[in-house]
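Subject: Structure for your review

Dear colleague,

Please find the structure below, followed by a short account of what was found in it.

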Amino acid sequence: HSYLTPRPDGRTLVGSTLEDVGFNSDVTAVGLAELTAFAIDLCPALADVSVETSWAGLRPESAAGTPHLGRLPGLENAWIAAGHFRSGIQLAPATAVVMRSLMLGQVPPVDIRADQFLSG
């Protein structure tokens with residue numbers, strides 16, 4: 001789950017941690033220490049640099065472990081595409097295709113029933 005991403009300006013992005021903390025977006029000392037150790041282990045030259053900034057992002061996951069896609073119950077014109085957890089960026093194009101189909105009253109090009117995702 002960890003990675004180093006060199007940036008064109010010479011900085012290096014180090015990520016990421018996974019902690020179940022509800023809606024708390026505070027950076028933890030333990031998480032920062034884990035990422036620092038990972039970065040130095042992978043690239044010892046990073047031992048001589050300081051941390052410029054840190055942040056935490058929330059990545060909601062549905063209880064079923066699969067995204068919620070479709071119309072919100074009880075609301076005529078409200079739709080949801082949420083709960084992608086750590087796969088949001090990878091699933092964004094497919095989510096857009098599925099949501100477009102649903103909003104136009106078409107059958108999506110893939111079976112989006114949760115049991116189809118969970119059985120595989």
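The largest pocket holds about 1,600 Å³ of space. A pocket here is an open set of points on a 1 Å grid over the protein atoms alone, where a 1.4 Å probe fits, with protein on both sides within 12 Å along at least five of seven lines; lining residues have an atom within 4 Å of a point. The volume is the space filled by probe spheres set on the points, which are joined across faces, edges and corners.

This is a predicted model, in which local features need pLDDT of at least 70 and side-chain atom pairs count only at pLDDT 80 or more, while totals for chains, interfaces and linings use all residues. Residues are numbered from 1 along each chain as its sequence is written, and side-chain values use heavy atoms, without hydrogens and water.

The lining of the largest pocket comprises 48 residues, with Val14, Gly15, Ser16, Leu35 and Trp55 nearest its centre. Helix H1 (29-42) is among the contributors, and H1 gives the most, with six residues. Helices (H or I, at least four residues) and strands (E, at least two) are DSSP runs, numbered from the N terminus.

Strand S2 (residues 12-15) also supplies at least two lining residues.

Overall, the protein chain has three helices and four strands, in the order β-β-α-β-β-α-α from the N terminus.

Yours sincerely
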